[in-house]
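Subject: Structure handover

Hello,

Here is the structure we talked about. Please load it and keep it open while you read the notes below.

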Amino acid sequence: MPGSEVTEQDVRNALREIEDPEMGTSIVDLGLVYEINVTEPAVVKIKMTTTTRFCPASGYIAEAARQRVEHIAGVRQAVVDLVYEPAWSPDMVALFGLPKT
């Protein structure tokens with residue numbers, strides 16, 4: 001949609017729909033999404049991780065994230081970069097996911 005501005009929150013909300021198949025929880029709520037950058041023209045760059053370096057679902061999760069974000073109106077391309085530094089730990093939930101209650 002011309003003129004629409006995609007925000008980091010739009011991307012985060014879309015990614016929240018993707019569940020880690022092993023944990024059954026949103027990749028956002030788990031703290032797996034480290035960074036989201038919306039650049040011009042309509043490109044979204046995402047740095048994310050998986051719960052373990054050799055997670056068998058890493059390809060599935062990265063592709064699901066790319067596809068989901070590319071379905072947001074105003075996004076032309078999504079680039080997902082799987083990173084493993086810092087390594088994911090349950091503490092990431094509070095840093096990048098939902099605040100602990």
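In these notes, a contact means heavy atoms within 4.5 Å. On that basis V11 touches V6, I36, V38, V44, I46, V69 and I72, leaving aside residues up to four places away in sequence. Note that this is a predicted model.

**Overall layout**

The protein chain has three helices and five strands. From the N terminus on, the elements run α-β-β-β-β-α-β-α. The radius of gyration is 13 Å, close to the 13 Å that the globule rule gives for 101 residues, so the chain is as compact as a globular protein of that length. The C-alpha trace spans about 40 × 30 × 25 Å along its principal axes. Of the 101 residues, 39% are buried. Take the contacts between residues at least 6 apart in sequence: 61% of them join residues at least 24 apart.

**The core**

Which residues touch the most other members of the largest nonpolar core? They are V11, L15, I27, I46 and V69, in a core of 27 residues. The most comes from α2, with four residues. The general background is brief: in soluble globular proteins, nonpolar side chains tend to be buried together. Back to V11: its contacts include I46 and V69, and both of those are also among the residues that touch the most other core members.

**β4, α2 and β5**

These three elements make a right-handed β-α-β unit. Strand β4 pairs with β5 (residues 77-82) in the parallel sense, over six bridges. Within that pairing, V44 stands opposite A78 in β5. V44 is also one of the residues that V11 touches.

**The loop between β4 and α2**

Start with T50, which lies in the loop between β4 (43-48) and α2 (58-70). Is T50 buried or exposed? It is buried: its relative accessible area is 1%, and the cut-off for buried is under 20%.

What does the side chain of T50 reach? It reaches the backbone oxygen of T52, at 2.6 Å. A polar contact of 3.3 Å also joins the side chains of T50 and Y84. Leaving out residues up to four places away in sequence, T50 touches L32, C55, S58, I61, L82, Y84 and W88.

T51 is buried, at a relative accessible area of 12%. With residues up to four places away in sequence not counted, T51 touches D20, E22, M23, L32 and W88.

C55 is buried, with a relative accessible area of 9%. E22 lies 33 residues from C55 along the chain, and their C-alpha atoms are separated by 9.5 Å. E22 is also among the residues that T51 touches.

**Where to look first**

Then move to V11 and its contacts, among them V44 and V69.

Best wishes

Methods:
Residues numbered from 1 in each chain as written. Predicted model: local features only at pLDDT ≥ 70, side-chain atom pairs only at ≥ 80, totals over all residues. Heavy atoms only, no water. Helix = DSSP H or I, 4+ residues; strand = E, 2+ residues; numbered from the N terminus. Buried < 20%, exposed > 50% of the residue type's maximum accessible area, 1.4 Å probe, protein only. Polar contact = N/O pair within 3.5 Å; in protein donor to acceptor, adjacent residues only side chain to side chain. Pairing = 2+ DSSP bridges. Right-handed = clockwise from strand over helix to strand, strands pointing away. Core = buried A, V, L, I, M, F, W, Y, C linked by side-chain atoms within 4.5 Å. Rg over C-alpha atoms; globule rule 2.2 N^0.38 Å.
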